[in-house]
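Please read each point with the sequence and the structure side by side.

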Amino acid sequence: MNILLVDDDTFMLKIIHRQLANLGFHKITAVDNSSTALALLEDAGNSFEILLLDLQMPGIDGVEFIRHLDRLEYPGGVVLISGQDERILLTAEKLANSHNLRVFGALHKPVTPEQLDKVLRYVPDSAKFQSRKVYGPEALREGLARRELVNFYQPQIDIRSGQFTSVETLVRWQHPEDGLVFPDQFIGTAEDHGLIDELTNQVLSNALEQAKACEKKGWKIRFSVNISMDNLVSLDFADRVINSVESVNIPLSDIVLEVTESRLIKDRLAPMDILTRIRLKHIGLSIDDFGTGHSSLAQLRDIPFDELKIDRSFIHGAHNHSALRAIVVASLGMAQQLGIRTVAEGIEDIDDLMFLQATSCDLGQGYFIARPMPAEDLEQWRKDWQTRRREIFRQ
C-alpha cells in the first residue's frame, strides 16, 4: 500500500516511518508539514491508500485537514494520531467519520508497533476505496420485483461461555451487474420512496425460512431482523409480522426486531402502539445502535424493549479508552437495572472480548467472532467456532 505519513515532529516522523517499514510497508511518503501533504493529495498523480495524520500541527491543523480531505473526496483510509487528551482524539475520529472518511483507527502518542499493526492489519484492498454507488428508486423497485435481495447472518455469542446463541440478519442486494451491494447503498432510497415495507417483508420472509431450517437441525438460536421506523407507520405492521412468524410454525420468542431510529418521527403514537403489541406476543424488541443517532433514554422509557445493543463505536477499543469504557459500563449497568438483555457490537479483537467479559454484558458480535455470511456458511462456521471457542474460553 502507498502510505502518506504526516507529522510536524520530525523525530516522531522517523520513528513511525521505521515502525511501518518493520511491519512490511515500504511505499511510505513522510511529510513534516500539512501544506505539503495537502499539495501531494491534490496532485492527481499521487494515490495514497492510507493517510496517517497527526492532529496537532502548525498551520493547517488536523481538524482543518479533515475538512480538506472531505473537499477532495479522499477515497483512502485515515489513521488519526495525537498526543492530546484521548477525548479530543475520539471527537476528531467522530468528526472524520461524519465527513464520510474511512477511519481505520485513532492512536494516542507514543504510537507502538503493536498499535500500528492492529489498525493496518485488516485494511481492505485499494479497490474498495472507490466511491460507493447509491441506487435510485426504479432500480431498487426492479430488484425487489425480481427478489434479488439476499440475507447475510452475523453470529452472536454468549460473552461468558462463548455459546452460539443468535444471529443478526443483514440484507444485501445481489445485483445482476454490480455484484453484491451493501445496504447503505439502497436502504435510504427504500425509506425515501415508499419501498421499505416491501424490502422488510422480503428480509423477514427469508429470515423466517432460515430460522425454520435451523430449528429442523436442532439449533436453538434467535434471529434478529432490522426494521425501520418507517415500517411503523401502518398499524397493521404488527399483525403482518406476527402472522408471518406463526405461518412457519416457530416460537414467536425466537424472533427479535431491531429498531433503529435513523430519523426523527413526529407521530410517536403509531410506533408505540405497534411495538407494544409485538412485545405482548413475546417477539423480542431490540434498541439498536444505542447511544448514537436518535436512540435515547426516552425510547427506553416509552417502548418495552427487552434488548439493548451498544453501538460498535463505543465497544471497539473501550479497554484502552477511559471515556468509552465509562459509557459502556454505564449503559450496561442501566440495562441490568432495567432487566433487559445487552448485546455488544463491534468486537474486533481479543482485547474487546476480554474487556466485555469483565462487565455485565450478555451477548456480543463482531469480526473477531464472525463476519456476516450467507446462510449456507453458518453450519461450517458453527463447527469451526467450537474449536476456536475451546481455545478462547478454555472450555
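1. In this predicted model, I would begin with Arg222, which, leaving aside residues up to four places away in sequence, touches Thr165, Ser166, Val167, Ser253, Asp254, Val256, Arg341 and Leu363. Arg222 belongs to strand E9, which covers residues 222–228.

2. When residues up to four places away in sequence are left out, Pro137 touches Thr189, His193 and Leu195. Of these, Thr189 is 52 residues from Pro137 in sequence, while the C-alpha atoms of the pair are 6.1 Å apart in space.

3. On helix packing, helix H4 (residues 86–98) and helix H13 (residues 322–338) meet at an angle of about 80 degrees, and their axes are 8 Å apart. The two helices H4 and H13 are therefore roughly perpendicular to each other, because angles of 65 to 115 degrees are classed in that way. On the H4 side the contact is made by Glu86, Arg87 and Leu90, and on the H13 side by Ser322, Ala323 and Leu324. Sorted by class, the contact of H4 with H13 comprises three nonpolar, one polar and two charged residues.

4. Regarding the cysteines, how many disulfides does a search of the whole structure find? The search of the whole structure finds zero disulfides. Cys214 has a relative accessibility of 1% and so counts as buried, and Cys361, at 0% relative accessibility, counts as buried as well; the cut-off for that class is under 20%.

5. Finally, on the overall form, the protein has 15 helices and 15 strands, and 49% of its 395 residues count as buried. Taken along the principal axes, the C-alpha atoms fill a box of roughly 65 × 50 × 40 Å. The radius of gyration is 23 Å, which agrees with the value near 21 Å that a compact globule of 395 residues would have.

Definitions and conventions. Residues numbered from 1 in each chain as written. Predicted model: local features only at pLDDT ≥ 70, side-chain atom pairs only at ≥ 80, totals over all residues. Heavy atoms only, no water. Disulfide = S-S within 2.5 Å. Buried < 20%, exposed > 50% of the residue type's maximum accessible area, 1.4 Å probe, protein only. Axes fitted to C-alpha atoms, helices over the stretch in contact; angles between N-to-C directions. Helix = DSSP H or I, 4+ residues; strand = E, 2+ residues; numbered from the N terminus. Parallel < 35°, antiparallel > 145°, perpendicular 65-115°, else oblique. Contact = heavy atoms within 4.5 Å. Nonpolar A, V, L, I, M, F, W, Y, C, P; charged D, E, K, R; others polar. Rg over C-alpha atoms; globule rule 2.2 N^0.38 Å.
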